[in-house]
Amino acid sequence: MSINADWAYWTYILVDGNVATRGCILELNLEKKWIKYSKETGNSPQDNPFKKGDPRRSEWYLETCEGTYKEIWVDPKKSLILSREEFRAIESGIKPESFIFLNDTDPRAYFESEIQVVSTGVPPKK
């Protein structure tokens with residue numbers, strides 16, 4: 001079993017005051033400047049009414065949204081962990097200085113469909 005990073009992991013999309021990235025980018029249409037993404041609901045884990053294993057459990061934490069995006073940024077360093085300054089900028093909806101604006105370039109093409117193996121592991125014994 002392995003965990004991989006790809007274009008979506010290094011891409012940040014500003015939409016409706018949120019920044020969608022990593023596993024939250026569900027669909028992207030550059031021609032229409034449209035994105036479907038997941039964002040946190042803000043619901044408390046302690047109040048989640050669904051038990052572990054229930055597919056609705058994750059819906060308590062994440063909602064699916066869609067809209068017209070404003071900007072696409074990419075991290076050319078392909079960082080797995082952001083610096084504190086980068087993280088704060090993104091939380092504020094501001095492009096970090098080290099990131100690049102992509103105007104008409106598809107982030108999938110920018111990263112040339114690269115995939116990096118982030119972690120590998122041995123499945124647990126049964």
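**Charges and rings in the model**

Let's start at lysine 77, which is partly exposed, with a relative accessible area of 49% (buried means under 20%, exposed over 50%, partly exposed in between, for a 1.4 Å probe and protein chains only). This is a predicted model, in which local features need pLDDT of at least 70 and side-chain atom pairs pLDDT 80 or more, while totals for chains, interfaces and linings use all residues. Residues are numbered from 1 along each chain as its sequence is written, and side-chain values use heavy atoms, without hydrogens or water.

What does lysine 77 meet in a salt bridge? The partner is glutamate 86, at 2.7 Å from N to O. Glutamate 86 counts as buried, because its relative accessibility is 6%. With a salt bridge taken as a side-chain nitrogen of Lys or Arg within 4 Å of a carboxyl oxygen of Asp or Glu, the count comes to 5. Another of these joins glutamate 27 to lysine 36, with the closest N and O atoms 3.6 Å apart. Here glutamate 27 is partly exposed at 39% relative accessibility, and lysine 36 is partly exposed at 24%.

Now follow arginine 108, which has two contacts to look at. Arginine 108 forms a salt bridge with aspartate 106, the closest N and O atoms being 2.9 Å apart. The charged end of arginine 108 also sits over the ring of tryptophan 7, 4.9 Å from the ring centre (NZ of Lys or CZ of Arg within 6 Å of the centre and within 35 degrees of the ring normal). Arginine 108 is partly exposed at 28% relative accessibility, and aspartate 106 is partly exposed at 22%. Elsewhere, arginine 22 lies over the face of tyrosine 9, at 4.0 Å from the ring centre.

From charges, turn to rings. Rings of Phe, Tyr and Trp (its six-membered ring) pair if their centres lie within 6.5 Å, with planes under 30 degrees apart stacked, over 60 edge-to-face and the rest tilted. This rule gives 3 aromatic pairs. Tyrosine 12 and phenylalanine 99 have ring centres 5.0 Å apart and planes at 40 degrees, so this pair is tilted. Both tyrosine 12 and phenylalanine 99 are buried. Tyrosine 110 and phenylalanine 111 pair edge-to-face, at 4.8 Å centre to centre and 90 degrees between the planes. Is each of these two buried or partly exposed? Tyrosine 110 is partly exposed because its relative accessible area is 31%, whereas phenylalanine 111, at 3%, is buried. Ring pairs link Tyr110 and Phe111 with Trp10 into a cluster.
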